[in-house]
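Please examine the following model together with its sequence.

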Amino acid sequence: MHLLLPITTREKLYSKIGNFTINTSIIFLLNVLYALVFSEHYDAHLKHLKRIGELVDHRTISNAVMQENERTKKAPS
């Protein structure tokens, strides 16, 4: 199976300062593709993502808004 994802840019070839619009277009397409794949089996993917996060991320949380239910840590007073 072949998939074509055309992107357009209004950037000039030589006089552009940077490649902002092409980078933004590519990031958008990758985010859409990721969301589509993730949504196929959302619950399983979310469970896996949380499990990996808990194994790898050992930062302490000082902001109650960012605390996860499973790893609630006492915020410093």
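Trainee: What average pLDDT does the protein have?

Mentor: This is a predicted model, in which local features need pLDDT of at least 70 and side-chain atom pairs count only at pLDDT 80 or more, whereas totals for chains, interfaces and linings use all residues. Residues are numbered from 1 along each chain as its sequence is written, and side-chain values use heavy atoms, leaving out hydrogens and water. pLDDT is the predictor's confidence in each residue, from 0 to 100; over residues 71-77 it stays under 50. A score of at least 70 is reached by 86% of the residues, and the protein's average is 79.

Trainee: Over residues 20-38, how far apart are the end C-alpha atoms?

Mentor: The unreviewed UniProt entry annotates residues 20-38 as "transmembrane region"; such annotations may be inferred rather than shown by experiment, and positions follow the numbering used here, with feature names shortened. Helices (H or I, at least four residues) and strands (E, at least two) are DSSP runs numbered from the N terminus, and the protein has two helices and zero strands. Over residues 20-38 the chain is 100% helix and 0% strand, with its end C-alpha atoms separated by 27 Å.

Trainee: Is Phe28 buried or exposed?

Mentor: Phe28 lies in helix H1, residues 20-40. Buried means under 20% relative accessible area, exposed over 50%, and partly exposed in between (1.4 Å probe, protein chains only). Because its relative accessibility is 55%, Phe28 is classed as exposed.

Trainee: Which residue forms a salt bridge with Asp57?

Mentor: A salt bridge requires a side-chain nitrogen of Lys or Arg within 4 Å of a carboxyl oxygen of Asp or Glu, and the count by this rule is one. The N to O distance is 2.7 Å, and the partner of Asp57 is Arg59.

Trainee: What separates the C-alpha atoms of Glu68 and Lys50?

Mentor: Glu68 belongs to the segment after helix H2 (42-56). Glu68 counts as partly exposed because its relative accessibility is 42%. Glu68 and Lys50 are 18 residues apart along the chain, and their C-alpha atoms are separated by 9.8 Å.

How values were computed. Contact means heavy atoms within 4.5 Å.
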